[in-house]
Amino acid sequence: VQLQASGGGLVQAGGSLRLSCAASGRAFGSYAMGWFRQAPGKEREFVASISWSGGRTYYADSVKGRFTISRDNAKNTVDLQMNSLKPEDTAVYYCVAGRAPGPTPAYYDYWGRGTLVTVSS
């Protein structure tokens, strides 16, 4: 599975961005998908994930209520709608695919190249 994230950019605090991840390869619908992020000088952290069917979603406490993850198995895409963005959301965001949803990086076998999100104050 190859993953390509897009949609990053510069936005003012309080604004919105929508990240999208396009997956190539077979059996996309059988993978849990997710997003992680890494801010400069910080550890990588879990953001959100979604089960293969889309029936279960998980969010980091820091983004709960502001971010929404969704997927379209017919199009092989997973999106992350980010609202009410804060400067602390500034990071490189990575799309991931793996065996189970949840916050553990080890669940995910495939990592895409990141897309940079910068939130100005």
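**Exercise 1.** Which handedness does the link of Cys 21 and Cys 95 have, judged by the angle about the S-S bond?

*Solution.* The model is predicted: local features need pLDDT of at least 70, side-chain atom pairs count only at pLDDT 80 or more, and totals for chains, interfaces and linings use all residues. Residues are numbered from 1 along each chain as its sequence is written, and side-chain values use heavy atoms, with hydrogens and water left out.

Step 1. A disulfide is a pair of cysteine sulfur atoms within 2.5 Å. The sulfur atoms of Cys 21 and Cys 95 are 2.1 Å apart, and the two form a disulfide.

Step 2. The angle about the S-S bond is -85 degrees, and the link of Cys 21 and Cys 95 is left-handed.

Step 3. Cys 21 is in strand β3 (residues 17-24) and Cys 95 in strand β9 (residues 91-98), 74 residues apart. Strands are DSSP runs (E, at least two residues), numbered from the N terminus.

Step 4. Both Cys 21 and Cys 95 are buried, where buried means under 20% relative accessible area (1.4 Å probe, protein chains only).

**Exercise 2.** Classify the ring pair of Phe 36 and Phe 46, and say why it belongs to that class.

*Solution.* Step 1. Rings of Phe, Tyr and Trp (its six-membered ring) pair if their centres lie within 6.5 Å; planes under 30 degrees apart count as stacked, over 60 as edge-to-face and the rest as tilted. The count comes to five aromatic pairs.

Step 2. The ring centres of Phe 36 and Phe 46 are 5.6 Å apart and the planes stand at 75 degrees, so this pair is edge-to-face.

Step 3. Phe 36 lies in strand β4 (residues 32-38) and Phe 46 in strand β5 (residues 45-50), so the pair ties together parts ten residues apart in sequence.

Step 4. Phe 36 is buried at a relative accessible area of 1%, and Phe 46 is buried at 11%.

Step 5. Ring pairs link Phe 36, Phe 46, Tyr 107, Tyr 108 and Trp 111 into a cluster.

**Exercise 3.** In which sense does β5 pair with β4, and in which sense with β6?

*Solution.* Step 1. Two strands pair if DSSP finds at least two bridges between them.

Step 2. β4 and β5 pair in the antiparallel sense over five bridges. Met 33 stands opposite Ile 50 in β5.

Step 3. β5 and strand β6 (residues 57-59) are also antiparallel, over three bridges. Ser 49 has Tyr 58 in β6 as its bridge partner.

Step 4. Five of the six residues of β5 are buried.

Conventions
Helices (H or I, at least four residues) and strands (E, at least two) are DSSP runs, numbered from the N terminus. Buried means under 20% relative accessible area, exposed over 50%, partly exposed in between (1.4 Å probe, protein chains only).
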